[in-house]
Amino acid sequence: MKRGKEEEKMKTNHESIAIVGGGISGLATAFYIKQYKPETKITLFEKESELGGKMKTIKRDGFLIEEGSNGFLSNKPDTLELVKLSGCEDILLKSSDEARKRFIYDKKLEVLPESPKAFLTTPLLSLKGKIRVLYEPFAPIKRDNKDESLQEFGYRRVGKEMTDVFLDAMVAGIYASTPASISAPAAFPLVVKLEKEYGSLFKGMIKKRKKEAGPGGVLMSFKGGVSTFIKKLSQNIDIDIIKDIDIKTLQKDEKGFILQNENLKMRFDKVILSTPAYESAKILKDLMPKLSNELADIEYSPISIVGVGYDTLSHPLKGFGLLATTRAKKSVLGVLWDSSIFTDRAKEDKKLLRAMIGGQRDPKLALQDNETLINSALKGIKDTMGIDKKPDTIYVKKHDKGIPNYRVGHIKRVENIMNMVDKIEGLYLNSNAYKGIGLNDCVSNSKLCAKEVVGA
Ligand SMILES: Cc1cc2nc3c(=O)[nH]c(=O)nc-3n(C[C@H](O)[C@H](O)[C@H](O)COP(=O)(O)OP(=O)(O)OC[C@H]3O[C@@H](n4cnc5c(N)ncnc54)[C@H](O)[C@@H]3O)c2cc1C
């Protein structure tokens with residue numbers, strides 16, 4: 001009896017931590033806190049009935065349709081490490097070799113050049129455009145630390161044509177953004193660092209490749225889609241998970257934090273907000289109005305995903321998919337050939353495509369009704385790939401606030417935000433809103449956050 005009481009006391013003496021948000025950032029933070037300090041008591045609150053946030057898989061008519069992220073690259077260690085440590089290695093799924101080939105639609109569908117020789121012969125750039133790219137090592141170096149857009153950075157280093165074709169397509173594919181509306185150092189810190197460290201992107205890439213000499217990354221995902229990972233990961237972390245709870249406010253007094261909504265009031269020693277910035281802004285409105293304003297200022301790009309399934313399709317879909325340039329004026333940002341990338345996404349001979357619509361390029365289109373989105377997807381598929389067949393399955397997912405858009409000034413804003421947060425002991429912010437949107441970034445930032453929380 002006495003022993004029982006002592007144990008109970010010990011239990012209550014352990015730090016209690018609340019994590020708000022059950023996306024990959026919240027779950028990975030919980031996982032690493034438990035790794036570093038297993039005795040910590042964690043309660044994770046999730047607004048929706050399912051965990052995962054932007055990582056969700058829908059099963060429909062024999063198709064596995066991803067609402068958001070598809071996978072992660074293996075050349076950064078973070079997600080792979082989490083997968084292994086959390087006992088999820090058995091569900092890892094490597095993308096098929098066929099999916100190494102990527103396409104860009106500018107004037108027509110062309111293979112993305114992956115070697116210097118392919119670059120010299122690609123019709124995607126004119127001779128003048130190619131010569132300008134080759135001039136990159138001699139382009140003047142930016143000496144100041146002022147932020148600049150990806151467009152300014154690209155025009156300076158590799159010229160207008162390369163920026164308007166390659167960087168434009170790439171930033172639409174990763175951030176659903178445009179070169180003019182995103183900060184180069186915030187969105188592509190490693191590329192910008194090459195200029196700073198080596199004076200040239202080419203020189204930097206060559207030197208780094210020699211130093212690192214490792215194989216390039218392979219796209220990885222999970223058998224049964226990303227939701228299988230989220231489910232298994234959450235089952236393998238010893239924490240309390242409370243779903244269907246929309247946390248509304250956070251208060252603080254001398255005894256700690258109080259999380260609250262109309263049905264719940266709970267006290268914790270520490271709180272981690274792993275919510276999108278606009279949600280964190282709402283939760284912190286009363287406690288820290290200035291911080292809340294800064295958070296609310298982080299812009300999000302709307303993006304819609306239309307899953308298009310065919311029971312039969314003659315197109316071989318040999319590749320990863322395509323990204324369209326802005327100047328191509330197509331109704332899609334790109335089309336991913338999901339059943340070719342991960343073979344379990346469609347049963348037997350079925351084929352699955354996912355069209356991405358809207359982003360910063362056309363934010364209004366992303367939020368149109370389903371019929372308009374479906375028509376845009378089918379028109380985009382027809383215009384870029386020549387497929388004019390009525391699909392057998394259609395699924396639409398609208399992300400009103402899909403991906404944080406790291407505008408010029410983002411790094412300074414995040415610095416300000418983190419300085420304000422640091423003033424409140426026991427409060428932490430960790431989600432894709434601040435220092436990287438890729439799954440690898442989210443996991444590595446979650447690990448850092450967990451270390452900070454437990455003082456590891
Ligand atoms: C269409 C799309 C495609 C993508 N593709 C890729 C890809 O292929 N590869 C890649 O690496 N990345 C990709 N990404 C990016 C990546 O998926 C995200 O950056 C990442 O999943 C974000 O995780 P997060 O936990 O930070 O935020 P979220 O996933 O947004 O999670 C936040 C969670 O907080 C919950 N929440 C919000 N408010 C509250 C509240 N008040 N109370 C309680 N809970 C709350 C939400 O419901 C949500 O579950 C993609 C993103 C999108 C939108």
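Two strands count as paired here if DSSP finds at least two bridges between them. Helices (H or I, at least four residues) and strands (E, at least two) are themselves DSSP runs, numbered from the N terminus. The structure is a predicted model, so to speak read with some care: local features need pLDDT of at least 70, side-chain atom pairs count only at pLDDT 80 or more, and totals for chains, interfaces and linings use all residues. S14 covers residues 270–273 and pairs with S20 (residues 427–429) in the parallel sense, over three bridges. Within that pairing, leucine 273 sits opposite leucine 429 of S20. S14 also runs parallel to S1 (residues 16–20), with four bridges joining the two, and here alanine 18 faces valine 271 of S14. In a regular strand, side chains alternate between the two faces of the sheet. In S14, Lys270 and Ile272 point one way while Val271 and Leu273 point the other way, and all of them are buried. Buried means that 20 or more other C-beta atoms lie within 10 Å of a residue's own; 12 or fewer makes a residue exposed, anything in between partly exposed, and the C-beta atoms are placed from the backbone.

Zooming out, these strands belong to an open sheet of five, in the order S10-S2-S1-S14-S20, with parallel pairing. Its edges are S10 (240–242) and S20, each of which pairs on one side only. From one strand to the next the twist averages 15 degrees, where axes are lines fitted to C-alpha atoms (for helices, over the stretch in contact) and angles run from 0 to 180 degrees between N-to-C directions.

There is also an open sheet of three strands, ordered S5-S9-S6 and paired antiparallel. S5 (72–73) and S6 (92–94) form its edges, each pairing on one side only. S6 and S9 (residues 219–222) run antiparallel and are joined by three bridges, with leucine 92 opposite phenylalanine 222 of S9.

Next comes the nonpolar core, meaning a set of buried Ala, Val, Leu, Ile, Met, Phe, Trp, Tyr and Cys residues joined through C-beta atoms within 7 Å. The largest one has 114 residues, and Val271, Ala355, Ile357 and Ala377 have the most contacts inside it. Helix H7 (residues 160–175) gives the most to this core, with eight residues. Setting aside neighbours within four places in sequence, alanine 377 touches Val306, Val308, Val332, Ala355 and Ile357, where contact means C-beta atoms, placed from the backbone, within 7 Å.

As for domains, their bounds come from an automatic or database domain assignment. That assignment gives domain 1 (2–55 + 228–298 + 407–454), domain 2 (126–137 + 149–212) and domain 3 (300–404). The C-alpha centres of domain 2 and domain 3 are 26 Å apart, and their contact takes eleven residues from domain 2 and 16 residues from domain 3. The side of domain 2 that touches domain 3 has five nonpolar, four polar and two charged residues. For these classes, Ala, Val, Leu, Ile, Met, Phe, Trp, Tyr, Cys and Pro count as nonpolar, Asp, Glu, Lys and Arg as charged, and the others, Gly among them, as polar.

Aspartate 244 has a positive phi of about 60 degrees although it is not a glycine. Aspartate 244 is found in the loop between S10 and S11 (249–253) and is exposed, with 11 other C-beta atoms within 10 Å. Leucine 317, not a glycine either, has a positive phi of about 50 degrees. Leucine 317 lies in the loop between S15 (300–310) and S16 (321–324), and is buried, with 21 other C-beta atoms within 10 Å.

Conventions: Residues numbered from 1 in each chain as written. Contact = placed C-beta atoms within 7 Å.
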